[in-house]
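Subject: Structure for you to look at

Hello,

Here is the structure I said I would pass on. Please open it and keep it beside you while you read the rest of this email.

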Amino acid sequence: LGDVVDRMVSTAVDGGWRSESSASGSSPTNGKAIKFAMSGCHDTTLAAILTSTGAFDGKWPPFTSSVAIELFSKADQDQAQAAPTAGDAAQKKGLFSFLTGSSSSSTSTTTPPQPSETARVPLSSLPESSKESLRSHYVRIRYNDRPVRIPGCAAKAENHLPGDESFCTLEAFKEIVDKFTPQDWRSECLQNLGEGLYGKNDAEKSIAGF
């Protein structure tokens with residue numbers, strides 16, 4: 001979830017998430033943003049995602065279950081209400097161009113954006129301008145194609161879309177995920193190295209009862 005939120009924050013703040021490797025067709029060097037990512041996992045992962053966000057219903061995920069984490073942005077009302085002009089119509093791209101990211105112009109010299117500096121940065125450390133961008137984006141979790149209710153988002157009106165508690169502001173969603181996201185999982189995984197299976201002095205050992 002920390003990785004997922006990082007991608008969403010990059011989209012809201014930097015205009016898109018770009019892979020660190022070019023194998024996916026997107027990288028900081030070519031500037032193409034990734035709009036869809038899919039990962040395979042086990043039922044334990046799905047249950048953990050739902051439980052950590054407070055959306056687990058207590059029933060173990062059945063076979064072929066899935067969790068979709070979607071990001072939405074609030075439309076600019078001024079832009080949405082503006083009447084289209086002939087120039088605007090001429091600049092519109094076709095469906096194929098939208099899907100491939102190609103442009104009708106071959107003279108584009110847009111400088112590729114630099115890698116995001118927001119990765120693993122806690123919400124409290126982000127500047128106010130970035131937080132404002134997060135408030136204009138919404139996150140929705142769908143479990144087996146049904147929207148779920150996240151208690152931390154539903155608790156306050158400012159944490160969700162007016163009239164629909166299933167749409168959580170990205171700011172509120174990141175605040176929830178930050179609580180259990182490691183700041184540096186590599187170093188944290190090494191903290192108990194050499195302390196044995198049950199921790200220092202067997203502090204975490206429990207009697208099985210048989």
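Below is what was found in it, going from the whole chain to single residues.

**The chain as a whole**

Please keep in mind that this is a predicted model. The mean pLDDT over the chain is 77, and 72% of the residues reach at least 70. Which elements sit at the two ends of the confidence scale? Helix α5 (residues 95–100) has the lowest mean pLDDT of the elements, at 39, while β2 has the highest, at 96. In residues 78–110 the pLDDT is below 50, and this stretch has six contacts in the model beyond near neighbours in sequence.

The chain contains nine helices and five strands. Read from the N terminus, their order is α-α-β-α-α-α-α-β-β-α-β-β-α-α. Of the 210 residues, 26% count as buried. If you take the contacts with a separation of 6 or more, 64% of them are between residues 24 or more positions apart.

Start with strand β2, which covers residues 137–143. Seven of its seven residues are buried, so the strand is largely enclosed by the rest of the structure. This holds for both faces: His137, Val139, Ile141 and Tyr143 are buried on one side, and Tyr138, Arg140 and Arg142 are buried on the other.

Which strands does β2 pair with? Its partners include β1, β5 and β3.

- Strand β1 (residues 67–73) pairs with β2 in the antiparallel sense, over seven bridges. Here Leu71 stands opposite Val139 of β2.
- Strand β5 (residues 164–169) is joined to β2 by two bridges, and the two strands run antiparallel. Tyr138 faces Thr169 of β5 across this pairing.
- Strand β3 (residues 146–147) is also antiparallel to β2, with two bridges. In this pair Tyr143 is opposite Arg146.

β2 and β3 form a hairpin with two residues between them. Asn144 is in the turn and has a positive phi of about 50°.

Is Asp164 buried, partly exposed or exposed? Its relative accessible area is 29%; buried means under 20% and exposed means over 50%, so Asp164 is partly exposed. Along the chain Asp164 and Ala154 are 10 residues apart, and their C-alpha atoms are separated by 8.8 Å.

**Helix α6 and the helices packed against it**

Helix α6 (residues 128–135) packs with helix α1 (residues 2–14). The angle between them is about 105°, and their axes are 9 Å apart. Angles from 65 to 115 degrees count as roughly perpendicular, and α1 and α6 are therefore roughly perpendicular to each other. On the α1 side the residues are Val9, Ala12 and Val13, and they meet Ser130, Ser133 and Leu134 in α6. By class, four of the residues in this contact are nonpolar, two are polar and none is charged.

Helix α6 also packs with α8, again at about 105°, with the axes 6 Å apart. This makes α6 roughly perpendicular to α8. Lys131, Leu134 and Arg135 of α6 make the contact with Leu170, Glu171 and Lys174 of α8. The classes in the contact of α6 with α8 are two nonpolar, no polar and four charged residues. Leu134 is named in the contact with α1 and also in the contact with α8.

How many residues of helix α8 (residues 170–178) are buried? Seven of the nine are, so this helix is largely enclosed by the rest of the structure. The buried residues are Leu170, Glu171, Ala172, Phe173, Lys174, Ile176 and Val177.

**Two residues with positive phi**

Thr64 lies in the loop between α2 (43–52) and β1. Its phi is near 65°, a positive value in a residue other than glycine. Thr64 is exposed, with a relative accessible area of 80%.

Asn201 is in the segment after α9 (185–189). Phi of Asn201 is near 60°, which is positive, and the residue is not glycine. Asn201 is exposed too, with a relative accessible area of 70%.

Regards

Definitions and conventions
Residues are numbered from 1 along each chain as its sequence is written. This is a predicted model: local features need pLDDT of at least 70, side-chain atom pairs count only at pLDDT 80 or more; totals for chains, interfaces and linings use all residues. Side-chain values use heavy atoms; hydrogens and water are left out. Axes are lines fitted to C-alpha atoms, for helices over the stretch in contact, and angles run from 0 to 180 degrees between N-to-C directions. Helices (H or I, at least four residues) and strands (E, at least two) are DSSP runs, numbered from the N terminus. Angles under 35 degrees count as roughly parallel, over 145 as roughly antiparallel, 65 to 115 as roughly perpendicular and the rest as oblique. Contact means heavy atoms within 4.5 Å. Ala, Val, Leu, Ile, Met, Phe, Trp, Tyr, Cys and Pro count as nonpolar, Asp, Glu, Lys and Arg as charged, and the others, Gly among them, as polar. Buried means under 20% relative accessible area, exposed over 50%, partly exposed in between (1.4 Å probe, protein chains only). Two strands pair if DSSP finds at least two bridges between them. pLDDT is the predictor's confidence in each residue, from 0 to 100.
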